[in-house]
Amino acid sequence: MVVVTGGAHVIGQAIAEDFRKEGAVIEVIDKTTGTYFVGDIGNKETLEAFSSYVLEMHSDIDYLINNALPIMKGIDECSYAEFQYALSVGVTAPFYLTKLFKDSF
C-alpha cells in the first residue's frame, strides 16, 4: 500500500500511476478536488484526518511518498507567512505523517 502526498498532478500523479501499474493500492492526498482525499497537508487537522482515513482502510503501509510541493518563491518574493507555509508542507507534514503512520510500516 502506497501513500502519495501531492499525488494529483505531474510527478505525484506519475508516481501513483506507476505504482498502480505494478498492482499497488494507492492513497493520494492533494489540495485539488478529485477522487482521492482532498486536503491541505499544511494543516495539522487535515494530516490527522487523512491518516485516520488511511489507517481505517489499510492495515499496512509500504511506502510514504512525500511529494507535495511547498511554495516555490525566491527570498525577494516570499513573505514570512508563505515561508512558514512552505515549511509546513515541505518539512512538518512529512515528519508528522511519518509519525502518524510509524506503527503501520
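Guide: Two strands pair if DSSP finds at least two bridges between them, with strands being DSSP runs of E, at least two residues long, and helices runs of H or I, at least four, numbered from the N terminus. What you see is a predicted model, where local features need pLDDT of at least 70, side-chain atom pairs count only at 80 or more, and totals for chains, interfaces and linings use all residues. Residues are numbered from 1 along each chain, and side-chain values use heavy atoms, without hydrogens or water.

Visitor: What makes S1 and S2 a pair, and in which sense do they run?

Guide: Strand S1 (residues 2-5) and S2 share 4 bridges, and the cut-off is at least two, so they pair, in the parallel sense. Val4 sits opposite Val28 in S2, and Thr5 has Ile29 as its bridge partner there.

Visitor: How do you know that S2 pairs with S3?

Guide: Strand S3 (residues 37-38) is joined to S2 by 2 bridges, and at least two are required, so that counts as a pair, again parallel. Ile29 is bridged to Phe37 in S3.

Visitor: Why are S3 and S4 called edge strands?

Guide: The open sheet of 4 strands is ordered S3-S2-S1-S4. S3 and strand S4 (63-66) each pair on one side only.

Visitor: What lies on the sheet?

Guide: H1 packs on it, touching S1, S2 and S4 (contact is heavy atoms within 4.5 Å). The direction of H1 makes about 170 degrees with that of S2, on a scale from 0 to 180 degrees between N-to-C directions, with axes fitted to C-alpha atoms, for helices over the stretch in contact. H2 lies across S1, S2 and S3, at about 165 degrees to S2.

Visitor: Why is S2 said to be largely enclosed?

Guide: Buried means under 20% relative accessible area, with exposed over 50% and partly exposed in between (1.4 Å probe, protein chains only). In S2 (residues 26-30), 5 of the 5 residues are buried, so the rest of the structure largely encloses this strand. Ile26, Val28 and Asp30 point one way, Glu27 and Ile29 the other.

Visitor: What makes a group of residues a nonpolar core?

Guide: Its members are buried Ala, Val, Leu, Ile, Met, Phe, Trp, Tyr and Cys residues joined through side-chain atoms within 4.5 Å. The largest one has 16 residues, and Val3, Ile41, Phe50, Val54 and Phe101 have the most contacts inside it. Helix H2 (44-57) and helix H3 (80-101) give two or more residues each, and H3 gives the most, with 5. Apart from it lies another core, of 5 residues, including Val4 and Val28.
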